[in-house]
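Biologist: Got the two-chain model open. Can you walk me through how it is put together?
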Amino acid sequence: MKVIEIKDLHKIYNSTEVKVHAVNGVTLDFQEAEFAAIVGPSGSGKTTLLNLLGGLDLPTSGQILIDSVDLSKLKPSALIDFRMKNIGFVFQSYNLIPVLTAKENVEFIMSLQKWTKQNRNERTYELLKAVGLSDRENSRPAKMSGGQQQRVAVARALASRPKFILADEPTANLDTKSAESLLDIMVKLNREEEMTFIFSTHDVRVMKRARRVITLEDGKVVSDETREK
Amino acid sequence: MITAIAWKNVWRNKTRSLTVIAAVTVGVFAGVFSMAAINSSILQRIDAAVNEELSHIQVNNKDFRSSADIQNIINDYPEVVSVFESTPGVTDVTGRLIVRGIASTATKSAGVEITGIDVEKEKKMFTISEKLIPGTGSYFEAETKFNTVFIGEKLAKELNIIRYIFTPGSIDFLREEGVPSTVIEKLETLQGERFTSDKKLVKAYEKLLAPSEVEKYQWKIKEAAWSYREGSKLILSFLDINNNQTGAAFRISGIFRTNNDMFEEICLFVPIEELRQLTGMKEGTYHRAIARLEDNDITNSVTREIRQKLTDYEVLNWKEIQPDLAMISDFIGQIYAVFMVIILAALAFGIVNTMLMAVLERTRELGMLMAVGMNRRKIFIMIMLESIFLSIVGGFAGMAVSEIVIAITGKTGINLMKYSEGMEAIGYSAHLFPTIDAQFFITTTILIVLTGIISSIYPARKALKLNPVEAIRTE
């Protein structure tokens, strides 16, 4: 079942002197429970495409339909609400809230969505266990390693059961061991929770694990390869 | 959750937050305490004016104040008393005879206003009897065949009734008061000397002591040398009802000390029967009727009512008799406002600055919050709550410190003896007992919270203008 449909997507940045066509006519579909990597050289448009998919940026033209909802037709406030309910984000720099513990960081989105305390606690426990951090629930980000912080970020992204997760270079700041461990967790969650994961990455380790690899160059899709794993 | 995050964010940079809180605390304390000190000074002055000098309302013959002719009496005193007694809010009424005259001793004389009073009634209505300087006699309590007079310290000094004498007792007193022996040794050369005025004494010890010693011990030296012989007399001269010169010797019953030099210098009190006899005024005649009210706040309304009923007389309340004091009393609200504006402006600038820095430092985090679905309203509320927490913590700490210091100094007082000469010359006490009403604290609390909210608007709007995509990329 299609989760995301991208139709002839364009994003042009108009700076004072130069016009940059960051995304140039991209058309793609993503199915439920996909584990896809968007790869390409720096400046190929990976992050821009991810931002457009996440509703953080607006396309110049084209459409992004998520469960048949056209993102460009949503009002800003509705878009924020839509993002909160349907999209999970994992950032390169983890971006946890430093004053909150691991548990509170995971609970945060559920709390914004007004989940009951009991449901929040159950889901947080389940996710921290899944990412192997149930013993660090009361630790603040500053007391955790980069790998552990990124695992909390993954748990946070999954907390409110979004339709898909967008991960922008999630392993870029991690050492090999931490990166492998994180990928193991994401693969497991992808299978167990049937959650769609879309990465933008340079990391070969991510590419190897991905079941679909989309290559961008100059804002265009130059290859879209699906592998059986 | 938003509230919890906002509270935790306040303590994210402890040093900075504590600095702002400390600044707010000091600012609020400085403002509230200064206000309490000014307030106490004004209230003490009003209290003295009403309770020692004027009472609430006075009724005179319409010509009395302009000419002070002994003939300008209240024509129908019983009617005036009856009007007062039938007016709600009036608790006591008394009558006075007032003549202008000269007080003299063997060496000096001074112009005075001699007020004949109903001693028992006035003791109930005024607090002047409580201002008796210990050791100078009593408030008309001594049994004597002589005429008696109750005079102010300033007049007593002016007439050389109070002098300064350095006795062995003065030296002992200084020793007990902890004056250093080096200073006492210098002052011992003054033993046995008499000084007829304050100025002469000052001149004498200034020759002996260093300026710093003078500044530190002058009040103790004056107190040690202060001398008064109980039962001293003075001569009062004035015109009688037939405009003939009259007068008599009066034994000083006691000497009072207030914070108003002018009042002490001019006003002296004698029993009304004695003055009536000397002036030849008929029984039941008075120059002034004075009323006391149950509450100072009803002064204006009761004055209006009395004035409507006593159209043939001049009816004045204390605010009209001393318009400068009334103006200061009315002005107190504006002084409050000026202080509040200063306090709150400092608070607002501190908070705006801190919150702008906080927003700048947390750009990436705010971007992330927007990305994951925290809407603008919640971000605005979060920043606003942080500002409010900062202002509330600082504001409450400032008010708690103020409350404690005001409670302590309200009992012990603040001694500004160094400035007493100047302050008492205009009727203000040099010993302040800071006080502030609960309403001021409540208003200040509300204003601090409002300032916190208003100060948060600019930083919060800055946060809302962030573009999540750019904010997340911020290093």
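**Contact between the chains**

Modeller: The contact draws 16 residues from chain B and 20 residues from chain A. Keep in mind that this is a predicted model.

Biologist: Which elements give two or more residues on the side of chain B that touches chain A?

Modeller: α1 (2–10), α16 (363–371) and α20 (468–473) of chain B do. The largest share comes from α16(B), with 4 residues.

Biologist: How do the residues on that side divide by type?

Modeller: On the side of chain B that touches chain A, 9 are nonpolar, 3 polar and 4 charged.

Biologist: Over to sheets. What is the strand order in the 4-strand sheet of chain A?

Modeller: The order is β2-β1-β4-β5 in chain A. That sheet is open, and its pairing is antiparallel. β2 (19–31) and β5 (69–70) of chain A are the edge strands, each pairing on one side only.

Biologist: How many bridges join β1 to β4 there?

Modeller: 5 bridges join β1 (residues 2–14) of chain A to β4 (residues 61–66) of chain A.

Biologist: At what angle does α7 of chain B cross α10 of chain B?

Modeller: Roughly 145°. The axes of α7 (residues 168–176) and α10 (residues 211–225) of chain B come within 8 Å. The crossing is right-handed.

Biologist: Which residues meet in α7(B) and α10(B)?

Modeller: B:S170, B:F173 and B:L174 in α7(B) meet B:K220, B:A224 and B:A225 in α10(B). By type, the contact has 4 nonpolar, 1 polar and 1 charged.

Biologist: Next pair. How far apart are the axes of α17 and α19 of chain B?

Modeller: 7 Å, for α17 (residues 376–412) and α19 (residues 438–464) of chain B. They pack at an angle of about 145°, and the crossing of α17(B) and α19(B) is right-handed. Their contact divides into 16 nonpolar, 9 polar and 1 charged.

Biologist: Last topic, cores. How many residues has the largest nonpolar core?

Modeller: 106 residues. Those with the most contacts inside this core include A:I38, A:V154, A:I165 and A:I198. Helix α2 (residues 14–54) of chain B gives the most to the core, with 9 residues.

Biologist: What does A:I165 touch?

Modeller: Leaving out residues up to four places away in sequence, A:I165 touches A:G88, A:V90, A:A157, A:L158, A:M195, A:T196 and A:F197.

Definitions and conventions:
Residues are numbered from 1 along each chain as its sequence is written. Chains are lettered from A and ligands numbered from 1 in the order in which they are written. This is a predicted model: local features need pLDDT of at least 70, side-chain atom pairs count only at pLDDT 80 or more; totals for chains, interfaces and linings use all residues. Two residues are in contact if their C-beta atoms, placed from the backbone, lie within 7 Å. Ala, Val, Leu, Ile, Met, Phe, Trp, Tyr, Cys and Pro count as nonpolar, Asp, Glu, Lys and Arg as charged, and the others, Gly among them, as polar. Axes are lines fitted to C-alpha atoms, for helices over the stretch in contact, and angles run from 0 to 180 degrees between N-to-C directions. A crossing is left-handed if the near helix is turned anticlockwise from the far one by less than a right angle, and right-handed if clockwise. Two strands pair if DSSP finds at least two bridges between them. A nonpolar core is a set of buried Ala, Val, Leu, Ile, Met, Phe, Trp, Tyr and Cys residues joined through C-beta atoms within 7 Å. A residue is buried if 20 or more other C-beta atoms lie within 10 Å of its own, exposed if 12 or fewer, and partly exposed in between; C-beta atoms are placed from the backbone.
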